[in-house]
Amino acid sequence: MSDETEPDSGRESGGPAPSPGTRRPGGRTARTRAAVRDAVLAGLTEHGYPGLTVEYVAAHSGVHKTTLYRRWKDVEGLVADALDLAGEDSWAPPDTGSLEGDLRALAQEVVVSFTDPAVAASGSAMIAAAFQSERAAGALRDYYTERFARCEALVERAVRRGELVTGPDAAAEAASGATPHRGIDAGALVRSVSAPLFFRLFITREPVDDTVAEQAVAATLAAARAGAFTAAGRADTSPGTAP
């Protein structure tokens, strides 16, 4: 096993050392972090969160447990950083040329990610860990928040193509240079596609397939075209407002 001896970048600059599992280093440290992430995923898949140990990660990553304890502190830190590292990729939302095609591609990604035996186990294990660790839950929430933020580009393109209504002042906003999708809750729109799939996967434990994915896409499209995700399309629920 290797125990890294590279100096901490925070200490080199005279600043305080970063908290465990929060660095963004390169070189050898980046390779070590990736090896630790892979070992964490393997351990979660094999034993689940309750059975994951620092000793397991050390044995399967080639990183000495002293280094793991120093950098990540405990199993929670290891799991949280594995999720954090997973969000540092170059993933971008689909760009098929239409909102319907983009949403369909997103739904298919969810189906494949959690039904394909080659990849499903690790993703499911990460989500299961979030139910047992507050820090893992926070990391998972940050991961998906960042993913949905990337999907704003998908909504921007749909607005520019005229596939979505942004409200009565859309033309004036566009002329003023405002963000094209400012009147649309892009995150809510994208979540509405994945939400029924995740509900079946992790709450009711029902199977998901292409048919279920198509239903989620159709429902989201109908809601989006009706303005459900725009400020103008939301009902006024303030006190005293008639239903």
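Start with the second largest pocket, which has a volume of about 390 Å³. This is a predicted model, where local features need pLDDT of at least 70 and side-chain atom pairs count only at pLDDT 80 or more, while totals for chains, interfaces and linings use all residues. Residues are numbered from 1 along each chain as its sequence is written, and side-chain values use heavy atoms, with hydrogens and water left out.

To find the spot, select I127, L140, Y144, F198 and F202, the closest to the pocket's centre of the 15 residues that line it. (A pocket here is an open set of points on a 1 Å grid over the protein atoms alone, where a 1.4 Å probe fits, with protein on both sides within 12 Å along at least five of seven lines; lining residues have an atom within 4 Å of a point. Its volume is the space filled by probe spheres set on the points, which are joined across faces, edges and corners.)

Now colour by helix (a DSSP run of H or I, at least four residues, numbered from the N terminus). α7, α8 and α11 each give two or more residues to this lining, and α11 gives the most, with 6 residues. By type, the lining has 12 nonpolar, 1 polar and 2 charged residues (Ala, Val, Leu, Ile, Met, Phe, Trp, Tyr, Cys and Pro count as nonpolar, Asp, Glu, Lys and Arg as charged, and the others, Gly among them, as polar).

Next stop: the largest pocket, at about 720 Å³. Select S113, F114, Y143, Y144 and R147, which lie nearest its centre among 28 lining residues. α6 (99-115) and α8 (134-150) are among the helices that each supply at least two of the lining residues; the largest share, 6 residues, comes from α6. The lining divides into 20 nonpolar, 4 polar and 4 charged.

Stay with α6 and bring up α7. They pack at an angle of about 95 degrees, with their axes 6 Å apart (axes are lines fitted to C-alpha atoms over the stretch in contact, and angles run from 0 to 180 degrees between N-to-C directions). The two helices are therefore roughly perpendicular (65 to 115 degrees). Show S113, F114 and T115 of α6 against A120, G123, S124 and I127 of α7, a contact (heavy atoms within 4.5 Å) with 3 nonpolar, 4 polar and no charged residues.

Last, jump to α3 (residues 54-61) and α4 (residues 65-72), which pack at about 120 degrees with axes 9 Å apart. Select V54, E55, V57 and A58 of α3 with K65, L68 and Y69 of α4 to see the contact.

Methods: Angles under 35 degrees count as roughly parallel, over 145 as roughly antiparallel, 65 to 115 as roughly perpendicular and the rest as oblique.
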